[in-house]
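Grab the model and work through the exercises below. Try each task by eye before you read its solution.

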Amino acid sequence: MSERFRWGILGTGAIAAKFAAGVEALADQEVIAVGSRTQASADRFADQFDIPRRHASYESLAEDPHVDAIYVATPHSFHHDHTLLALRHGKHVLCEKPFAINAAQAQEMVDAARSAGLFLMEAMWTRFLPAVRTARDWLRAGRIGALRMAQADFGFRADPEDEPKLLDPALGGGALLDVGCYPVSLACWMFGAEPVGVAGCAVLGPSGVDEWSAAVLRFPDGGVAQAACAIRAETPQEAALIGESGVIRLKAPFWRCERVTLERDGRVEDEAHLSLTGNGYHYEAEAVMDCLRAGRLEHPDMPLDESVAIMRTLDRIRRLWGVRYPGEGIP
């Protein structure tokens, strides 16, 4: 690995641009290459971020010997194939959330990375934000006693004409995989376990994907979590961790939280304001580099087995609603 950590970005959409902007805030990392389906798209993206190496195909990016790791930024339905492509060419991978379409795909990605001795991580950037990590540290320190309940929601009102992929089953559309993965992942991380029971309901749109929904997760220690999500309705986007002796609140929007409070008996006992530096996407990039320089192929706060378990939980929730994507069979 070079002195400056060198990223390749696979895809040129909005999330790719956010990651590229995030890396710009780091002195010891750079985006050195980008790959797209056409040369024109790669050039436009590269011009925006002053990226020297521009590839007209994803295969060409994966073959680039100057790249240390690849950030997979394509739609959900391509995460599996593009991660495997990068791994086959010996590249470490940070794959955008959701990790895959289902748990079977996720497990295949994990098996491939482990077999090749390469780093792989789901890009759940929320876990690496300073305020969210403070909330986790307060919980682990026992400041609200044992965690009993968690509540979180993430909903926004999408314009189907501007963002048709959100409603397209062929691209893994629907609220659950797009934004519902945030509250589900938060709950699993805070409880430190995979749910043993799921329940919930959803409203399916004309295309057959979930447009708004709510799920309840039951954990092995008796804790429960409520996770709501929507792509056709705005929600408060707040999160609360409810313990036996207090509440930790992740202020909206919790998925890019900058302020957390600890409340007891209805009064704020402690709070932390931790503003993001840059746009916040550099924290997960730093996490990848730190692991690789320490010789670790998984990050302890986003381990691969947990990413598979989260996909398993999302599968179980979708099974309740009868939501399936083309070619995947029964989730």
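**Exercise 1.** Which helix holds Ser307, is Ser307 buried or exposed, and which residues does Ser307 touch?

*Solution.* Start with the element: Ser307 sits in helix H9, a helix being a DSSP run (H or I) of at least four residues, numbered from the N terminus. Next, the accessibility: Ser307 is at 1% and therefore counts as buried, where buried means under 20% relative accessible area, exposed over 50% and partly exposed in between, with a 1.4 Å probe and protein chains only. Last, the neighbours: leaving out residues up to four places away in sequence, Ser307 touches Phe99, Glu122 and Met302, contact being heavy atoms within 4.5 Å.

A word on the ground rules: this is a predicted model, so local features need pLDDT of at least 70 and side-chain atom pairs count only at pLDDT 80 or more, while totals for chains, interfaces and linings use all residues. Residues are numbered from 1 along each chain as its sequence is written, and side-chain values use heavy atoms, with hydrogens and water left out.

**Exercise 2.** At what angle do H7 and H9 pack, and what is the handedness of their crossing?

*Solution.* First find helix H7 at residues 175–191; H7 packs against H9 at an angle of about 125°, with the axes 10 Å apart. Axes here are lines fitted to C-alpha atoms, for helices over the stretch in contact, and angles run from 0 to 180 degrees between N-to-C directions. That makes H7 and H9 oblique to each other; angles under 35 degrees count as roughly parallel, over 145 as roughly antiparallel, 65 to 115 as roughly perpendicular and the rest as oblique. The crossing is right-handed. Now look at who meets whom: the H7 side includes Leu176, Val184 and Trp189, and the H9 side includes Ile310, Leu314 and Trp321. By class, the contact of H7 with H9 has 11 nonpolar, 2 polar and 2 charged residues.

**Exercise 3.** Where is Glu298 found, and which side chain does its own side chain meet in a polar contact?

*Solution.* Glu298 is in the loop between helix H8 (282–293) and helix H9 (304–321). With 26% relative accessibility, Glu298 counts as partly exposed. Its side chain makes a polar contact of 3.0 Å with the side chain of Arg114. A polar atom of the Glu298 side chain also lies 3.1 Å from the backbone nitrogen of Leu304.

**Exercise 4.** How many of the residues of H4 are buried, and how does H4 lie against H5?

*Solution.* Count first: 8 of the 10 residues of H4 are buried, so the helix is largely enclosed by the rest of the structure. Those buried residues pack against several elements, among them helix H3 (58–63) and helix H5 (103–116). Then take the pair: H4 and H5 pack at about 5°, axes 10 Å apart, and are therefore roughly parallel to each other. The H4 residues in this contact include His79 and Leu87, and those of H5 include Gln105 and Met109.

**Exercise 5.** Which residues does His82 touch?

*Solution.* His82 lies in H4, residues 79–88, and is buried at 10% relative accessibility. Not counting residues up to four places away in sequence, His82 touches Leu10, Tyr58, Val72 and Thr74.

Key. Helices (H or I, at least four residues) and strands (E, at least two) are DSSP runs, numbered from the N terminus. A polar contact is a pair of N or O atoms within 3.5 Å; within protein, one must be able to donate a hydrogen and the other to accept it, and residues adjacent in sequence count only if both atoms are side-chain atoms. A crossing is left-handed if the near helix is turned anticlockwise from the far one by less than a right angle, and right-handed if clockwise. Ala, Val, Leu, Ile, Met, Phe, Trp, Tyr, Cys and Pro count as nonpolar, Asp, Glu, Lys and Arg as charged, and the others, Gly among them, as polar.
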